[in-house]
Amino acid sequence: MNATETAVTSTEPQAGGVILHPARGKVIAITSGKGGVGKTFLSANLAAALTRRGLRVLVLDADLGLANLDVVLNLYPKLTLHDVFTGKCTLQEAIVAAPGGFSVLLAGSGMVEYSRLTPEVRDEFLRLMAEVVPRYDVVLLDTGAGISDVVLFALSLASEVLLVATPEPTSLTDAYATIKVLATQQQRDRIRLVVNQAARPGDGRVITQQLQTVLNRFVSPGQGAGVRLLHMGDIPVDPAVKEAVMRRQLLLVHTPGCPAALAVGQIAGRLVDTVLRAHTQA
Ligand SMILES: Nc1ncnc2c1ncn2[C@@H]1O[C@H](COP(=O)(O)OP(=O)(O)OP(=O)(O)O)[C@@H](O)[C@H]1O
Ligand SMILES: [Mg+2]
């Protein structure tokens with residue numbers, strides 16, 4: 001059982017008299033080994049795509065310290081996670097509506113006090129997750145890159161990890177390092193992979209196989225079961241992505257028919273089929 005499941009179960013009975021089902025919320029962390037590979041772009045657009053499929057989605061800016069989800073979504077948050085943590089506002093007040101119809105909880109940038117995982121940050125985060133997870137079908141955590149203790153803590157809260165990598169050798173080496181830590185320290189036996197900025201169709205499948213081969217040789221979580229990489233799709237290099245970011249718009253709104261937007265839609269579909277199906281049927 002991971003930290004979120006523990007936290008959620010502990011608040012299971014009710015909120016405002018409504019019985020909450022602890023299994024309702026799925027937490028999917030979007031992470032990467034190397035920085036700047038497209039996590040925030042994917043988090044925001046995946047949230048929009050999942051919302052279109054009828055799910056209640058919250059994106060939580062878990063890149064504490066260097067948050068920039070607000071920039072991508074063109075939001076100017078008055079209240080952030082910081083204000084929730086310090087008791088200046090309620091959680092409900094800090095959750096805002098994003099252009100794609102989903103909810104966001106922004107972290108605010110430059111919060112040095114949250115770039116380190118102190119017991120206070122840990123406890124506040126656990127409390128927060130226990131409150132939000134049961135209220136949504138899916139909570140996406142847009143994490144920072146790498147394997148710092150804050151990132152690893154955020155990943156420990158997730159039922160599924162969606163790792164973003166580009167075909168660059170540096171990105172793949174860092175992706176391998178992340179998978180290795182998740183398998184050995186968090187006993188993850190499956191990790192979902194998205195290859196972003198793919199140059200050719202089929203890149204992602206080949207990369208997944210190559211990484212899997214190395215993992216089979218060198219990494220085993222706990223009792224030798226091995227870690228399985230699940231390829232969730234590729235997103236091609238697409239100039240429309242940069243244009244949308246420059247205009248601070250969702251790609252799915254700016255250029256819904258472009259190759260990268262279609263690819264994000266397909267990944268959303270696969271997530272629904274493999275991770276979220278029970279929720280859409282419920
Ligand atoms: N498929 C793509 N095609 C073209 N450009 C892309 C693509 N994906 C991402 N980019 C470019 O990469 C930039 C960085 O993306 P993003 O901010 O989402 O990365 P990140 O992984 O969240 O970075 P950080 O590690 O700093 O949080 C985008 O602003 C965009 O210009
Ligand atoms: Mg980011």
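Visitor: What makes Leu172, Ala175, Tyr176 and Ile179 in α8 residues that meet α9?
Guide: In this predicted model, they meet Ile207, Leu211, Val214 and Leu215 in α9, where contact requires C-beta atoms, placed from the backbone, within 7 Å. By class, this contact has 8 nonpolar, no polar and no charged residues (Ala, Val, Leu, Ile, Met, Phe, Trp, Tyr, Cys and Pro count as nonpolar, Asp, Glu, Lys and Arg as charged, the others, Gly among them, as polar). Local features need pLDDT of at least 70 and side-chain atom pairs 80 or more, whereas totals for chains, interfaces and linings use all residues. Residues are numbered from 1 along each chain as its sequence is written, with chains lettered from A and ligands numbered from 1 in the order in which they are written.

Visitor: Why are α8 and α9 called oblique to each other?
Guide: Helix α8 (residues 169–185) and helix α9 (residues 203–218) pack at about 50°, with their axes 11 Å apart; angles run from 0 to 180 degrees between N-to-C directions of lines fitted to C-alpha atoms, for helices over the stretch in contact. Angles under 35 degrees count as roughly parallel, over 145 as roughly antiparallel and 65 to 115 as roughly perpendicular, so the rest are oblique, and α8 and α9 are therefore oblique to each other.

Visitor: What makes β5 and β10 edge strands of the sheet?
Guide: The open sheet of 8 strands has mixed pairing and the order β5-β6-β4-β7-β3-β8-β9-β10, a pair needing at least two DSSP bridges. Both β5 (95–97) and β10 (228–236) have a single partner strand, so one side of each is left without a neighbour in the sheet.

Technical notes:
Helix = DSSP H or I, 4+ residues; strand = E, 2+ residues; numbered from the N terminus. Contact = placed C-beta atoms within 7 Å.
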